[in-house]
Amino acid sequence: MCEPVGLKEIAARLHVTRQTAKTWHQRNILPPHCGMVSGSPWWDWAAILVWADKTGRLTPGGLRRARLDPDAGDPVALAARRDRRIAQIQRDAKRQRVAE
């Protein structure tokens, strides 16, 4: 199954800036794109993962994280995850104060 991604998603999932992904594309470092959507190139995510692994552009554990968490760079998902973590920390602190 093809999972189309653009430069924004590539940057987010590989934990690099959008400018880095754009530079890779401009310098023909990325694998050939599969097509164009609204004037922007798109790639198959599986092909990007293979390329990133072969070229050493995955961070330690990045391949596992990228496969298990495809929206790793999604700002909405990240904000929701952060908010849940903050709420958990606040609940834990409140319980500790009550216990004392």
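Predicted model: local features only at pLDDT ≥ 70, side-chain atom pairs only at ≥ 80, totals over all residues.
Local features here need pLDDT of at least 70, side-chain atom pairs count only at pLDDT 80 or more, and totals for chains, interfaces and linings use all residues. Residues are numbered from 1 along each chain as its sequence is written, and side-chain values use heavy atoms, with hydrogens and water left out.

I start with the sheet. It is open, with 3 strands in the order β1-β3-β2 and antiparallel pairing. Strands are DSSP runs of E, at least two residues, and helices are runs of H or I, at least four, numbered from the N terminus; two strands pair if DSSP finds at least two bridges between them. The edge strands, β1 (4-5) and β2 (35-37), each pair on one side only. Between β2 and β3 there are 3 bridges.

Now Asp44, which is found in strand β3, residues 40-44. Asp44 is buried, yet has no salt bridge. Buried means under 20% relative accessible area, exposed over 50%, and partly exposed in between, with a 1.4 Å probe and protein chains only. A salt bridge is a side-chain nitrogen of Lys or Arg within 4 Å of a carboxyl oxygen of Asp or Glu. For Asp44, the nearest side chain of opposite charge is Arg13, 8.2 Å away. A polar atom of the Asp44 side chain does lie 3.1 Å from the backbone nitrogen of Glu3.

The structure holds 1 salt bridge. Arg13 and Glu3 form it, at 2.9 Å, N to O. Arg13 is in helix α1, Glu3 in the segment before β1, 10 residues apart. Arg13 counts as buried at 11% relative accessibility; Glu3, at 32%, counts as partly exposed.

Conventions
Lys, Arg positive; Asp, Glu negative; His and termini not counted. Polar contact = N/O pair within 3.5 Å; in protein donor to acceptor, adjacent residues only side chain to side chain.
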